[in-house]
Amino acid sequence: MTSSDDFSSGTGAAKKRLEAAEGRLKRFRAAIDAGVDPSALVEAINEAQAQRAAARAELEGSSPPGSIEDAEVYAMIDSLGDARTIISRADPAKLEELFAGLGLEMVYNAEGRTVDVTIRPVGRVSARVRGGT
């Protein structure tokens with residue numbers, strides 16, 4: 001791969017995404033200035049801002065805002081202590097309430113001996129963790 005290919009597939013692509021997101025945000029601001037109801041653009045503005053933040057993070061070589069590194073996930077899990085023992089001793093009704101609040105969904109793949117776990121806590125971004133049993 002040539003250095004120009006590296007640029008177009010890596011940094012160049014991130015710069016294009018950043019420029020596109022900033023262009024959309026400028027058009028949204030102009031539309032609001034022209035009298036468009038801002039509440040009609042909230043979702044589109046949020047999406048453009050997220051894309052801009054992700055492109056900036058990629059260009060700066062860092063993680064997008066709100067993302068967590070693998071080490072942080074492991075540290076959080078370690079801070080729980082012996083979660084298996086705690087959960088096995090917990091009241092099933094309280095666990096059901098906790099899991100419902102987390103929006104916990106687990107799908108077991110017997111062939112691959114894996115579990116896909118999805119959580120969608122209220123007011124949070126969903127996250128997926130995949131691991132063997």
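Is Arg56 buried, partly exposed or exposed? With a relative accessible area of 36%, Arg56 is partly exposed. The close-up views below come from a predicted model.

**View 1. Overall layout of the protein chain, with six helices and three strands.** Read from the N terminus, the order of elements is α-α-α-α-α-α-β-β-β. The protein chain has 133 residues, and 14% of them count as buried.

**View 2. Crossing of helix H2 with helix H3.** Two packed helices are described by the angle between their axes and the distance between the axes. Here helix H2 covers residues 11–33 and helix H3 covers residues 42–60. Their axes come within 8 Å, and the crossing angle is roughly 150°. Helix H2 is therefore roughly antiparallel to helix H3, since angles over 145 degrees are counted that way. The crossing of H2 and H3 is left-handed.

**View 3. Salt bridge between Arg17 and Glu58.** Side chains of opposite charge can pair when their charged atoms come close. For Arg17 and Glu58, the closest N and O atoms are 2.3 Å apart. Arg17 belongs to helix H2 and Glu58 to helix H3, so this pair ties together parts that lie 41 residues apart in sequence. Arg17 is partly exposed, at a relative accessible area of 38%. Glu58 is also partly exposed, and its relative accessible area is 42%. A search of the whole structure finds two salt bridges.

**View 4. Salt bridge between Arg56 and Glu22.** The closest N and O atoms of Arg56 and Glu22 are 3.2 Å apart. This pair links distant parts of the chain, with Arg56 in helix H3 and Glu22 in helix H2, 34 residues apart. The relative accessible area of Arg56 is 36%, and that of Glu22 is 26%.

**View 5. Nonpolar surface patch around Met76.** Which residues make this patch? Val73, Tyr74, Met76 and Ile77 make the patch, with an area of about 390 Å². Met76 sits in helix H4, which runs over residues 70–79. The relative accessibility of Met76 is 43%, so this residue counts as partly exposed.

Note on methods
Residues numbered from 1 in each chain as written. Predicted model: local features only at pLDDT ≥ 70, side-chain atom pairs only at ≥ 80, totals over all residues. Heavy atoms only, no water. Patch = residues over 30% accessible without salt bridge, like charges linked within 9 Å, V, L, I, M, F, W, Y side chains within 5 Å. Areas by Shrake-Rupley, 256 points an atom, 1.4 Å probe, with all protein chains shown as cover. Salt bridge = Lys/Arg side-chain N within 4 Å of Asp/Glu carboxyl O. Helix = DSSP H or I, 4+ residues; strand = E, 2+ residues; numbered from the N terminus. Buried < 20%, exposed > 50% of the residue type's maximum accessible area, 1.4 Å probe, protein only. Axes fitted to C-alpha atoms, helices over the stretch in contact; angles between N-to-C directions. Parallel < 35°, antiparallel > 145°, perpendicular 65-115°, else oblique. Left-handed = near helix turned anticlockwise from the far one by under 90°.
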